[in-house]
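The following explanation is intended for a reader who meets this structure for the first time. Please keep the sequence and the three-dimensional view at hand while reading.

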Amino acid sequence: MDLATYVLIALFAPLAGATVQIFLGRRLPRHGDWLCVGVLFVSFVASIPTFNAVWANPAFKLQILSEWLTLGSFGIPLGLQVDGLTGIMLTVVSFIAAFIHLYSVGYMHGDPRYSRYFAYLNFFTFSMLGLVLADNFFLIYVFWELVGLSSYLLIGFWFERPAAANAGKKAFIVNRVGDVGFFVGILLLWTQLGTFRFEEVFKGIAAGQMAGPLLTVTGLCVFLGAVGKSAQFPLHVWLPDAMEGPTPVSALIHAATMVAAGVYMVGRVYPVFTPDAFVVIAYVAGITAFFAGTIALTQFDIKRVIAYSTLSQLGYMMLGLATGGYVAGLFHLVTHAFFKALMFLAAGSVIHALHTQDLREMGGLRAKMPVTFWTMMAGSLALAGVPPFSGFFSKDAIIGATLGFVMAHPQHLLLALFAVGGALLTGLYAFRLMFLAFTGAPRDREKHHHAHESPPVMTVPLVVLAVFAVGAGWGGWFERLVRPPVELPHGPAGAHTLALALSLLAAGLGILLAYWTYVVGKISAGRVADRYRPVYTLLFNKYYVDELYAAGVVRPFLALTRGCAAFDLGVIDGFVNWCGRFTRGVSRVQGWIDFRIVDGAVNLVGNAIRAWGAVLRLVQTGVVQNYILVLLGGVLVILLLKVL
Amino acid sequence: MPVITDNIASLGYATPELVLAGFFLFILLADLVFTRNRGQMACTLAILGLAMTLLVTLRLYPAGERLLFAKMMAIDPFALFFKIFFVGSTAVIVLLSPATAYIPRTRQGEYYAFLLAITLGMSLLASAADLVMIVLALEMVSVTSYLLAGFMKEQAASAEAALKYAIYGAVATGTMVYGMSLLYGITGTTNLYEMPQAIARGGAAPLALFVAVLLVLVGFGYKIAAVPFHMWAPDVYEGAPTPVTALLSVGPKAAGFAVLIRFFYAALAVPAGPGRWNPVADIDWPLLVAVISAVTMTVGNLIAINQSNLKRLLAYSAIAHAGYILMGFVLLNGQGLYAMLFYLIVYAFMNLGAFLVVIALAGPLRSEELKDYAGLASRTAFPAVAMAVFLFSLTGIPPLAGFVGKFYLFAALIEAGRAWLWLAVVGVLNSVISLYYYARIVKAMFLEKGPSGRLTVASAHQVLIAALLIPTVLLGIYWAPVARFTDYSLRLLGPLAR
C-alpha cells in the first residue's frame, strides 16, 4: 500500500466506525465499544507510516488531490496534504484520541447512551483528522464546522441536565461568532486571489497580490475563527462551561481535537497574517494567558481549574505563534495535548472514585490512588514547566520568542509581563490543585473512605500518557519536523538565556508559593482572599465576562427580539389588519364582482396548478387512437408554427 | 476516425453484443432442455451473462473512436458509457425479479432471455451510426418492450398495455422511418457522420430538411417519452409488470437519449470550436427541442399531481425527468451533454430505487395505491426512509444525488447565456411543482395514520434498496470519480471536432 492509502485509512476509519456505530451500535455485542476503540487504534497505526515518512525526510510533502465540484473554469478542490506538521498532528491526535476512547470504556460504563457516545466520539476524531489533513480553506472550513457540531453533541451529551444542554448550546453559539469571522476571511481571500488552496493563497500573498490593511483585516477575520475554537479572550466563555460534558470528552476537547484546531489553523495558514495582525493576536493571546491563569487560582471545581489552565496555555500557544515563535507555539500544542489529556483523565479518575468535583471535599488521596497521583504529578510538572518535563521545553521556547519580540519592540513590554507572570500563575494553580486534592488530611472522610484506585482500563491510558507528558520534549524532534513557512526575524541573542532564567524562576516561585500556602500553611489562602476581597471576588466571578455578555449582548438581543415581536404584533399586524379592513371596505363598496376576484386571486395560486393537472389528465383517455391523434396533431402544430 | 470495414475484424469490438446475444440464445435453449428449477437457472445465467458483458465492455477501454461493420456501428467512450449503463440497470431488474410474484413460473426463462435481448437492442442503439442501424436497433428494443410489457398476458391490463404500446410504437416508428427516407432523399447517404457534408453540399430546402428532422424526432421522442409523443407511457407503465416498468423508465429511455444525441450532434451539427457546435444548415432544432423539453416537464409534473396510483405517478415523473434531461441537449455545448449524462446516472439510481421500493412493498402490501402507503413508516421503517430519500433526490434536494444532477443542468443553462434563461426558469418552477407530489407520498408514509401490523420486505429487496440508496446519498456529497468518468465518456464526436 502506498502512503496515500494509509492516510485515507487513518482519516476514514473513525468515520466508518461512527457510521456503523450510529446505526447498529446498540445491536453489537458490548454496544460496539470494541469497534470504536478498535478503529481509533487502526487509525493510529495507519498514521505511523506517515510519521515515518516525515521523519525520514522533513521536507516531505504528499498531496492527495481531487475535485469536488467543477463548473467550467470554476472549481472547488478537495485535497489532502501531508507535511511535517500534519504528520505530527495526525499521529498525536489519533494516538491521544485512541487512549481517550479506551479510557471511556471504563468511565462511561453503564451509561444509557453508551453506544451513541462512542459514535459521537469517533465522529469527533474524524472531523479533527480531516481538519488536520485539509489542504485548502474550503475543506478546512467544512471540517471546522464538523468539529463544532460534534463538540456540541458531546458537551450536551447528558442533555437531561439543563446545565449540560445549555453548555452545548453556548459552545455552539459562541463558536459561530468566530466561525462567521473565519468564513468572511475565507471569502475575502477567495475574492482577492480566486483560490481556496493554501499553496496558491500563500503564493499570491508572497507575490503581493494582496497586502496592506485588507490583508490585515482578512487575517484578523481568519483569526476570529481561531478565537472561537481555541477559546481566546473574549470568546473563551464556552470552554469552562464545556466541563458539563463527560470528562473524557473534556480531555478530548482540551487535548487533541477542538481547541487544538484553532492553534493548528493559525499555524497552517501562517503566511496570511501580517505583522500588524500578529500584534493584535499577541495581545489577545497574552491577555488570555494571564487572566485565565488568575481565574484558575480561585476555582474549586477540579475540572474548572484545569479548564482555565487550558485557556491560559492556549494563550501561550497563540502568543508564541504571534511573536515569531512558530515552532514553539505548535510544539506547545503537542506537549500540551499529552499532559492536558493526562490531567483530565487523572481528574476523571478522581471524580470517578469520589463522585465529586469539588476540591474542598478532597484531600489525602495520594495513598488511596497512587497511580492517579503520580501520573497527575507528572502532568502538573509538565504544565508548570519544570525541566525535564515536556512542557518546560515548549513553554520556555515561547517565553523566549516573546522576550525576543519585546526586546525588538520595547513598546510591547506588557506582553513579556503577561508571559512571565502567566508562568508564575501556572506553577501556583497547578500545585494548588495537587496539594488540595492529594495531600493533607481528607476533608470529607465519608467520600475518602469509599475512594479506590480506578480499573486498569482507565489507569493504563494514564500511564501511557504520563510517559509522553514526561518525555515528549526531549531530543529536539519537533524542530526537526516543523519548519516555519515564512522567514522569521531572529530575536536578540540574550533573549533565550533570559527566558530560561525567568521561566524557571517563575515556575519555581509559583510552586513554592503553593507549597507554603497549602502544605506548610505559612500563607493562609482565606486571609489573602479576605484582604483583597474585591480582587478575589472579581477573579472568583471570572472577571464577570459572562455577566458582561448577558448584560451587553444577550439581554439587548433578547430585548431586540421582543421589540421586533412587538413591532410585528403592533405595527405590522396593525397595518395588515388595516389593509384587511380597507380591502373589505373597498370590496363592499365595489360589490360582489370585485370580492370574487380578490378571493379568486388568493386561491388561484394553490388551485390553478391542480386544476390544470386535472384538465390535462382528461386527455389521457385510454383510447389509443386518441393518443396517436395527439402525436400527429403535435407534429402538425409544430409544422404550422414553423411555417407561420 | 478509423473505419474498420472488415466484418471479422469488427467483431473484436462488438464483444458486448456478442456475449449478450450468446447468453440470450443460451437461456432460451437451456429453458427447453432442463425441466427443474428453470427460473432460478435462467436468472443465474442472466446475471452471469450481464457480468461477462460488463467484463468484456470494460476490456474495450481505453476506447478509441472507431466505426465498425462498414460504418454501421460506432464504438467510442460514449457508446461504452451507455453499454455499462444498460448492463447495470438491467442487472438491477434481474436481481429484484426472483423475489417478486409478477412473472408466471412457467415463463421465467423467456423473461430473463428477453431482458438480455432488450439490453442487446439498447447496446446496439447506443452504437448505431447509420439510419438503417438505428431503425433496426430501435425496433429490437421496441419489440422486446412490447413482449415484456405484456408478459402477464392473463391480466387484462398487461395485455392491453402491450397492445397499445405496439400500435403506438408502430405509428411512431413508421413516422420516423418516413422522416429518415426523406433525409436519405435529401442527403443521399444513410450514414450519420457523412450527413453534415452532404447537407452542406446539397443545398436542400430548409423546410424540407426541417420536416424530415421533425418526423425523425417523433421516433426518438417516443422512446424517451417526450410530450406530445408520451401518451403511451402512463398506460404501459401502469399495465406492465412493475419490474418491466422500472426498466422501461430507465433503460430504453436512456437508449433514446443516446441515439438522440448521436443523431443530432453527429448528423445535424457542425463543430464550432472545442466543445461547441452549431446547427447544420441553420435548422433551428435546438429551439424545437427546448420547447418540447419545457412542455414535457410541465405536462408530466402537472398530471402527476393528481395521480393516486404510485406506478402511474412515477410514470409521469419519468416523463417530467425526460424534460429535465432535454434541457442539456439544446445547448450545443459539451457542458450540456455532460450534464445530461451525469443526470442519467443519477436518475438511474434514484428512479430505479423508487420503483424498487414500490415493487418490494407490492408483495406484503398487496397494493400500489398511494392511499395504502399511509403510515408505512411505522410498519416497515427502512423501505419508507429509503423511499423518502429517493423521492427527495428526484425533487433535487441537497445533499442528494438528484440535486447535483439538476445543479449541473441548470448551471449549464445559465452559463450558456441569457438565451436559455427562460428554460432554466421553467425547469426550476417545475422542480417546485414536483416537490408537491413527491412530498405527498412522504407525508402519507410518515405523517398519516394507517393500518397497523408490521410488514416484512424480502431481504433480497432490502439489500438491493440499500445498494441503490448508498450511491443516491453518496453522489450528493462526493461525485468526482463519476464526474471524471462522465467527462471521459463525452468523446463521441471526435471526428466532428476535427
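The model is predicted. Chain A contains 26 helices and four strands. Taken along the principal axes, its C-alpha atoms fill a box of roughly 100 × 60 × 60 Å. Of the 644 residues in chain A, 50% count as buried. Where contacts in chain A join residues at least 6 apart in sequence, 81% of them link residues at least 24 apart.

Is A:Phe389 buried or exposed? A:Phe389 is buried, because 24 other C-beta atoms lie within 10 Å, and the cut-off for a buried residue is 20 or more. Leaving out residues up to four places away in sequence, A:Phe389 touches A:Ala378, A:Leu381, A:Ala382, A:Ala469, A:Val470 and A:Gly473. From A:Phe389 to A:Phe339 the separation is 50 residues in sequence and 9.6 Å in space, C-alpha to C-alpha.

A:Val386 also lies in the loop between α15 and α16 of chain A. A:Val386 counts as partly exposed, because it has 18 C-beta neighbours inside 10 Å. Apart from neighbours within four places in sequence, A:Val386 is in contact with A:Leu381, A:Phe392 and A:Ala507.

The peptide bond that runs from A:Pro387 to A:Pro388 is cis, with omega near 0°. A cis peptide bond is also found from A:Phe233 to A:Pro234, with omega near 5°. A:Pro234 belongs to the loop between α8 and α9 (238-241) of chain A.

The axes of α8 (residues 212-229) and α11 (residues 258-268) of chain A come within 7 Å and cross at roughly 155°. That angle makes α8(A) roughly antiparallel to α11(A). The crossing of α8(A) past α11(A) is left-handed. On the α8(A) side the contact is made by A:Phe223, A:Gly225, A:Ala226 and A:Lys229, and α11(A) contributes A:Met258, A:Val259, A:Ala261, A:Gly262, A:Val263, A:Met265 and A:Val266. In this contact of α8(A) with α11(A), eight residues are nonpolar, two are polar and one is charged.

The description now turns to the two chains together. Their contact takes 27 residues from chain B and 26 residues from chain A. On the side of chain B that touches chain A, the elements giving two or more residues are α7, α9 (206-224), α10 (232-239), α13 (285-305), α18 (401-415) and α21 (480-488) of chain B. This side of chain B has 22 nonpolar, two polar and three charged residues.

How do helices from the two chains meet, and at what angle do α26 of chain A and α7 of chain B cross? The axes of α26 (residues 624-643) of chain A and α7 (residues 156-187) of chain B come within 10 Å and cross at roughly 25°. These two helices, α26(A) and α7(B), are therefore roughly parallel to each other. Their crossing is right-handed. From α26(A), A:Val624, A:Tyr627, A:Ile628 and A:Leu631 meet B:Lys164, B:Ile167, B:Tyr168, B:Val171 and B:Ala172 of α7(B). Eight residues of this contact are nonpolar, none is polar and one is charged.

Next come the nonpolar cores. The largest has 209 residues, and those with the most contacts inside it are B:Leu116, B:Leu125, B:Tyr343, B:Leu344 and B:Leu356. Helix α15 (residues 334-365) of chain B supplies the largest share of this core, 23 residues. Not counting residues up to four places away in sequence, B:Leu344 touches B:Phe85, B:Ala254, B:Phe257 and B:Ile325. A second, separate core has 203 residues, including A:Leu121, A:Met318, A:Ala384 and A:Phe478.

B:Phe69 is placed in the loop between β1 (66-68) and β2 (73-75) of chain B. Although it is not a glycine, B:Phe69 has a positive phi of about 45°. B:Phe69 counts as buried, because it has 22 C-beta neighbours inside 10 Å. B:Ala70 lies in the loop between β1 and β2 of chain B, and its phi is near 55°, a positive value in a residue other than glycine. With 14 other C-beta atoms within 10 Å, B:Ala70 is partly exposed.

Terms used
Residues numbered from 1 in each chain as written. Chains lettered and ligands numbered in written order. Predicted model: local features only at pLDDT ≥ 70, side-chain atom pairs only at ≥ 80, totals over all residues. Axes fitted to C-alpha atoms, helices over the stretch in contact; angles between N-to-C directions. Parallel < 35°, antiparallel > 145°, perpendicular 65-115°, else oblique. Left-handed = near helix turned anticlockwise from the far one by under 90°. Contact = placed C-beta atoms within 7 Å. Nonpolar A, V, L, I, M, F, W, Y, C, P; charged D, E, K, R; others polar. Core = buried A, V, L, I, M, F, W, Y, C linked by C-beta atoms within 7 Å. Buried ≥ 20, exposed ≤ 12 C-beta atoms within 10 Å, placed from the backbone.
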